[in-house]
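Take a look at the model below. We will walk through two of its features.

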Amino acid sequence: MKPLCLLLWFVALAVPNTPEPAIAYFSNVREVHVAWPDRQTFFTVDEEIWDHSRSDLGDLRLYNGESPVQYLLSEQRAGVSSEEVEAKILNLGSVAGHTEFDLDAEKLATYDRIRLRIDAKDFVARASVAGANALGEKSSTSLTPSTLYDFTSQQLGSNFVLKLSPSSFRYLHVKLSPGILPQQVRGAAISNQREQPASWTKAGSCSAPQQNQRSTEIVCSVPPRVPLDRIAFQVAPGQVNFRRAVSVLDAKGLQEAGGDISRVRINRAGTLVNTEELAIGVGGHSGQITISIENGDNPPLALLEVQPLSLERRIYFDPQGKASFRLYYGDEKLSAPVYDYARFFHVEGAAAEAQLGEGASNPQYSKRPDDRPWSDRHMGILWAAMILAVLALAGLAIRGLRSEAGHQS
């Protein structure tokens, strides 16, 4: 029995200890100055924090004196909450060459989008909308008009969505400019979308564009520990009606990400289409990258600026009347904290931004003691003990077999 207990004791020694946070074990520190101690407060993670903390920011700790302060790490991603329902089409027909119809919006109390299903290609149409609470009501309210289009042959995209100010009319009367026939209107849906735009911070810089035969290449440098999430392009306003494929290559020439940038400004029969998308998403690569824009047989884009961006990360906390805090970071062995504050967090509209002081080395810093399990620090002793324990168990087993054989004889 003793050898078995000895074996279990050594196994227990192999279980690692979970490191606890301590101010002395953080390599870096920054002052956090709060201007509004009675408000929810946040500060933005910058390059200095990225450079000296863990890649997941799990080793950040906020203190008021010697007391830890709970916080929430928040990524400022774009958010869209949407509820979409089908809207019944009524009175679909043609009036003086215009397709017109009514939509029954009974299923949604408030809405700000109409999405039409139109079976047509290569068109531009103006859509006017009026709202009323009864069909055929003369005192209807004109709502924001929209431009619908499809540029399939030019490969410039399409739009079948009418954007409105938030509305609650029971019925909507839609009138399309000539070109769309009643039988091409196949369905409609209304929705209520609440959009929260993403926030970005600059992450490095790019050199001047270089032309390489049928492509434009831009070399960019991103700080090695700062995540790269997006690349934004600024194109001269006079260059319109283009769509170009973009590739992002790492230092070895391997493609890391890709997408399209475009700008459309077309006037068809007095109807103007004006839309652009001048950014692509990137999957977190850092270091040196090369951006390649495929021009084909088209002239190069007149690029005014190319900017790598990182999704803004914020640290939210409750000052509870205090104005001075310290942020400690730089302890690779810590795990990310789990706070009740994060579980019940809600962003307040009056949240105030704190100011960060300069990053500095922690004057109290000392390396953590070797907190590896005893077994990791004394592998030779552990193996010898385990072998002895196994031999002892084998000896006991052999003795038991011999004893049993003696009884049988």
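The text starts with a disulfide and then turns to a sheet.

This is a predicted model: local features need pLDDT of at least 70, side-chain atom pairs count only at pLDDT 80 or more, and totals for chains, interfaces and linings use all residues. Residues are numbered from 1 along each chain as its sequence is written, and side-chain values use heavy atoms, with hydrogens and water left out.

How many disulfides does a search of the whole structure find? The search finds one. A disulfide here is a pair of cysteine sulfur atoms within 2.5 Å. C206 is joined to C220, with 1.9 Å from S to S. The two cysteines are 14 residues apart and link distant parts of the chain: C206 lies in strand 18 (residues 205–206), C220 in strand 20 (residues 215–222). Strands (E, at least two residues) are DSSP runs, numbered from the N terminus. The torsion about the S-S bond of C206 and C220 is about 100°, so this disulfide is right-handed.

Are the two cysteines buried or exposed? Buried means under 20% relative accessible area, exposed over 50%, and partly exposed in between (1.4 Å probe, protein chains only). C206 has 23% relative accessibility, so C206 counts as partly exposed. C220 has 1%, so C220 counts as buried.

Now the sheet. Strands of a sheet pair through backbone hydrogen bonds, either parallel or antiparallel. Two strands pair if DSSP finds at least two bridges between them. Four strands form an open sheet in the order 5-28-2-30, with mixed pairing. Strand 5 (72–75) and strand 30 (352–353) stand at the edges. Each has a single partner strand, so one side of each is left without a neighbour in the sheet. Strand 2 (residues 41–44) pairs with strand 28 (residues 313–317) in the antiparallel sense, over four bridges. F42 stands opposite Y316 in strand 28.
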